[in-house]
Amino acid sequence: MMRIFVPRDAAARALGADAVAAAVLREIAARGLDATLVRNGSRGMVWLEPLVEIETPQGRTAFGPCAPADIPAILDGQSDKALGPVEAIPFFARQTRLTFARVGLTDPLSLAEYEAHGGLAGLRAALAMTPEERIATVRDSGLRGRGGAGFPTGIKWATVAQAPAPQKYVVCNADEGDSGTFADRMLMEGDPFCLIEGMAICGLSVGATKGYVYIRSEYPDAIAVMEEAIRIARAAGLLGPALLGQGPAFDMEVRVGAGAYVCGEETSLLNSLEGRRGVVRAKPPLPALEGLFGRPTVVNNVLSLAAVPWIMAHGAAAYRDYGLGRSRGTIPLQIAGNVKRGGLCEVAFGLSLGEIVHDIAGGTASGRPVKAVQVGGPLGAYFPPSLFDTPFGYEEFDGAGGLIGHAGIVVFDDSVDMLEQARFAMEFCAVESCGKCTPCRIGAVRGMETIDRIAQGDPEALPLLTDLCETMKLGSLCALGGFTPYPVLSALTHWPEDFARTRRAAA
Amino acid sequence: MKDFVIPGHDGAPAFDDRDLGTPARRSNRTVTLTIDGFAVTVPEGTSVMRAAALAGIEIPKLCATDSLEAWGSCRLCLVEIEGRRGTPASCTTPVAEGMVVHTQTDTLRRLRRGVMELYASDQPQQGLAGPMNRGTPLQRMAAVVGLNAVRYKAPEGGRMASHAEPADNPRFRPVDASNPYFAYDPAQCIVCNLCVRACDEIQGTFALTIEGRGFESRMRPGMAGEDYLSSDCVSCGACVQVCPTGSLMEKSVIELGLPTRSVVTTCAYCGVGCQFEAEAQGDTVVRMVPWKHGKANRGHSCVKGRFAWGYATHRDRILEPMIRESIDEPWRVVGWDEAITFAATRLRAIQARHGRHSIGGITSSRCTNEETYLVQKLIRSVFGNNNTDTCARVCHSPTGYGLRQTFGTSAGTQDFDSVEHTDVAVIIGANPTDGHPVFASRLKRRLRQGARLIVIDPRRIDLVRSPHVEAAYHLALRPGTNVAVLTAMAHVIVTEGLHDERFIRERCDWEEFQHYAEFVSDPRHSPEATEALTGVPAADLRAAARLYATGGNGGDLLRPRRDRTFPGIDHRHGHRQSGHADGQYRRPGWG
C-alpha cells in the first residue's frame, strides 16, 4: 500500500496543507488507489511547504510547494513540483538530525512508528542505568539549556536530584515566544513522543513523578497533538504508575499559557502554572531548589528535553562529539525573515553566521544585500555582515556582543531602518513587560519615547538612551528588561548612521 | 488606650526602629562576610540587605521592609559582589561565607539614579518636590541617590506616557477616597507591591492585586469596577503602613499634616493587647501606627486600634475631674487635689461608719493588667480588704478553674508568638477574625504555611473557609454539647492509643491519668455514641481527634463566652486533659 505524506504542521497548514491533503484523499478515492494519507510533521523546509511526499521502494520522493491542483499530476508521475528524494534536498542533506530525526518522517501520533524509528531506546537505556549514571550521561554529553541561557542541563538535573523533597517536578518550557523561532512547535507537532520520552527520562533521573508541558496558547495544534500523545502514552503504559511498566511513576499534563511572552521566563512560567499572576520571581531561590509549588523543579526547554532520548540511547560521547568549544551537540537553527530558504535546520554547533545566512538560507529573498541579522529572538543583538565569521556557539556569540538564545535567526536586507528596529525592541519590551521591576516597566516606555526624540533629531536624546540601556541591562530583574538593550545598542553601535538624524531631516 | 512606656525615656530601654529590609532568619549557623570593608556576622539565610543594615549600612530601598519577604522589584538596593556577575539585588541575595560586598560604587550610583529618574518620570509634578511632599520614602530616596533632574520628556508633537497627568489621559485614575480612613491615589503608585504583599502575607485578606501588566500595572483593591470600600478590605491599615509613597495615606495625615511626636501605648479594644505608637502634633492625635516591637501584634493592627480612635477627641469625653454631693445635684468641675481629697474623705467615712469591708473595687475588662493591678493594690493596701475583682476574672472563671484544676495555675500557657510553631490549631467557640483580628491574621499566616485547623463551633466562622485558609475539620456541634465532643475526642485519642505515655508520665500522676483514660474510654463517650446528641458526624470527629493527636504541635484558642456555664468548666477541664494526654502543652507551638 502506498503512503502519501502531507504535513499537519501548523506552518504547512498555514500554507494550505489541509486543502492539499483533501485533494490527496479525493484523488485516492477517485482513482481507487491502494494508498493512505499520513499527516506527518514538517521536514522543516518551510519554503517548500506544503511538501508532499510519496513513499516508493527507493525512498520518499518530495513535491513542493504544492497546491491542491498539483496532486493529479503528482500521482500521474509528471509533476513539475518534483524535488527528488526528500533526504537528498541539499538543505536537508547537510543537516545532522539528532533531535529532529523523526520529525517529518513518522506519523506523530503513532507510538509504534515512534518505536520503529528508535523511539523509547533512550528511556529503556536510562531505566537500565543507576541514578548516578543517568545524571552523568546528561552532564557528560555537554548538553546546555536550549531555551537561551545555556545552563548545563546535567548540573541542573543534579541539583534537583540531590535536593531532598517529598515531591519534585519536571516542567517543560514550551512557551516559545521569541519572534522567528518555531523549533519547539515543530517538535511537539511532529514528534510529541520524543518530548514525552525526554521528560520521562528527566523525571526518572531527578526523582520527579509529575511533569507539566507549558505551551503557549498561540499553539493550538501543538497543544492538541501533545494532549493526544500523552493520552496515547498513558494508555500504552509508557506514562503512569510505572514508566514502561517497570520504572517509577511518572505522569504529565499540558498546561496552556495565557498569552504573555514573559511567561517563557522560567520563574514567571512557574507562577503562571501555579495559577498566579505571571510575574518574575527573584532568584535565588533557584527553581531547582524551590520551584513549582515550592518544590525542587527542573525547568527545561522543549529542545533540551527532546535532545535527551538520543543522548541516552547513543551515549554522552556520541553527542559530545558534535559541536565546538563548550557548545556541544546539535542546534536546531530556525531561519526566518528575508531569506530564500527559511525553515528549521539542525546542525552541529560551529557553522559561521555567514554560512548559515548565505549557504543554508541562500541569502535574501529580495535579492538585495543583507544588512543585519538578529539572532536569538527579539532580545538578541543585530549582527552586521562584518561579524559573519562568528561561529555559532554560546561563548562565541557572547564574545561578539550577542547571544544565540533559542537559535532563531531573522535576516534583513538593506532596506531596513535600524532605528526602527531599535524602537521595536523597546516597544516589544513595553508590551511584554510583566511590570514587576522598574527598569523594564517604565524604562521600555521611556526608551520608545527617547528613540522617537532621536528620530526627530533631539541631540539630548542619544546619551539618555545609552544611560537608559545601562539601567535596563544591569538593573532589570530578568532577561526581558536586561536583554532589550542588546538589539538597541547593537543597532546603535553597528549602524550609527541610522540614528544620526537632524531636526531638519525629521521635519 | 493607655500610656504604657516611652522607649528611651525614664529608664525604659530604647527600641531599634530601623527597618532592616528583610525578615530575620533563624539558624544555628552563622556566616561572616565583608560589606564596604566591615566584617559582619549574621545567621545563615540572612539577606545582604539585612546584614548591611545590622552593620549600620543603609542600602537604598523602596520595595523591601523587614515585615515582608523580599520581592526584588524596585532595583534600588543593587550591590556589587566580588566574583559575581552583574549587580544583584541585596534584598533577595542571601549572605555567603567570605562574600565581599560593595554597596556604593560609581556603577551603582549611576544605576540607582537611573532607576530613580524613571520613577520620577511617572510621578505627579507636585509629588517629589512640591506641596505633596510628605517625607515619604520615595521622596527621601530621590534625595539619597542624588536625583537632580528628570531628562525624560515627550517627543515633539507627542506626550509622555503617564499615570499622573489627569487631562485627557486614559491611564489616569482619580483618587479612591471610598475608605473612611485612608485614600488611594493611583497616580503616586510605584507598583512596589508592598501593599498587596502586606494584605496577603500579614493580614491574610487578599483584597488587593496588581491590575494590568508592564507600564499599565497598578494596584487595585478588589475586582474590576470595585473601590476600596466595596472590596474585601477590612481596613487593617497594613497597606497604608508599608506604602513608600503618598499613594496610600491616612486621611488624618492629609488633613492635619505629619505628626511630630509619638508615644507607645496599648490598645484596649480587645484582649490581644496590641501596642501602638500614638502619633501626635502637640496633644492632637494624627494617627495610630502599630508598634513593630509590640509582642502581641508585631507591628500589625486591626481597624479598631488603627483607625477607630475618634473617641480620643470625642465631645462626650470627660477631660476634667468632677464631683457632686448627691445624685440629684449637677456635676461640678473641680481641681485634681479637691477631687482626690473628696473621694478619699468619703471613702474613709464610709469605712469608718460601715466597717473595713464596706467598700471594694471592680475593674473593667478594658483595663490593662497594670491598671487592674493598681486598683487591687489600692483596695488591699489602703482599704485593707480583699473586695476586688475584675470583669475579666468573671468571664474567665471557668477558664481559671479548668486551668487551675489541670495545671495548678490559671494562666495562659503560651504567648502569641507561639502560633508561629503551631502545626494543628483548634478553635473552640471563638471567632478570631472578628473578635481578635490581629491574632487571627497571625494564625492565618501559619495556616497558609501548612498548619492544619480544627474548628469546633456551631457557627461557620470565617476561618472555616477564607482566602487560602480552610479548616481541615469543622465540627459543627449543637450548642451545649462541647463537653461531649471534647470527651469523644479524648475517647478517640485514648482508645486508639494516640496519647504520648512518656510525656504524661513525666508530667502527670499516671494513676490519675489511667482513671481519666478509663472514664473517657467508656463506649458511651465514643463519637458514635454521642453523634445523635452532638450532631457531629462520628467519622469527622475521629479524623479531627487523630489529626490533633498526630499532626504535630497542637495549640488551642478558646473564648470565654462558651465557658460561662458549668459545662464550660468541665469542657475546659476535659479539653486540657485531652491536650495533656496528647502531650500538647508547654512547648513553643503547643498549648
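Predicted model: local features only at pLDDT ≥ 70, side-chain atom pairs only at ≥ 80, totals over all residues.
In chain B, 14 residues of domain 1 are in contact with twelve residues of domain 2.

**The domains**

**Who gives up area**
- On the domain 1 side of chain B, the residues that lose the most area to domain 2 are B:Tyr181, B:Gln241 and B:Glu250.
- Together, B:Tyr181, B:Gln241 and B:Glu250 account for 44% of what the domain 1 side buries.

**Polar and charged links**
- Two salt bridges are counted between domain 1 and domain 2 of chain B.
- B:Glu250 forms a salt bridge with B:Arg287, and their closest N and O atoms are 3.0 Å apart.
- Seven residue pairs are in polar contact between domain 1 and domain 2 of chain B, with both residues at pLDDT 80 or more.

**Make-up of the domain 1 side**
- In chain B, α5 (194–203), α6 (238–242) and α7 (251–256) each supply at least two residues of the domain 1 side that touches domain 2.
- The largest share of that side, three residues, comes from α6(B).
- By class, the side of domain 1 of chain B that touches domain 2 has eight nonpolar, five polar and one charged residues.

Methods: Residues numbered from 1 in each chain as written. Chains lettered and ligands numbered in written order. Heavy atoms only, no water. Contact = heavy atoms within 4.5 Å. Buried area = accessible area lost by both parts, 1.4 Å probe. Salt bridge = Lys/Arg side-chain N within 4 Å of Asp/Glu carboxyl O. Polar contact = N/O pair within 3.5 Å; in protein donor to acceptor, adjacent residues only side chain to side chain. Helix = DSSP H or I, 4+ residues; strand = E, 2+ residues; numbered from the N terminus. Nonpolar A, V, L, I, M, F, W, Y, C, P; charged D, E, K, R; others polar.
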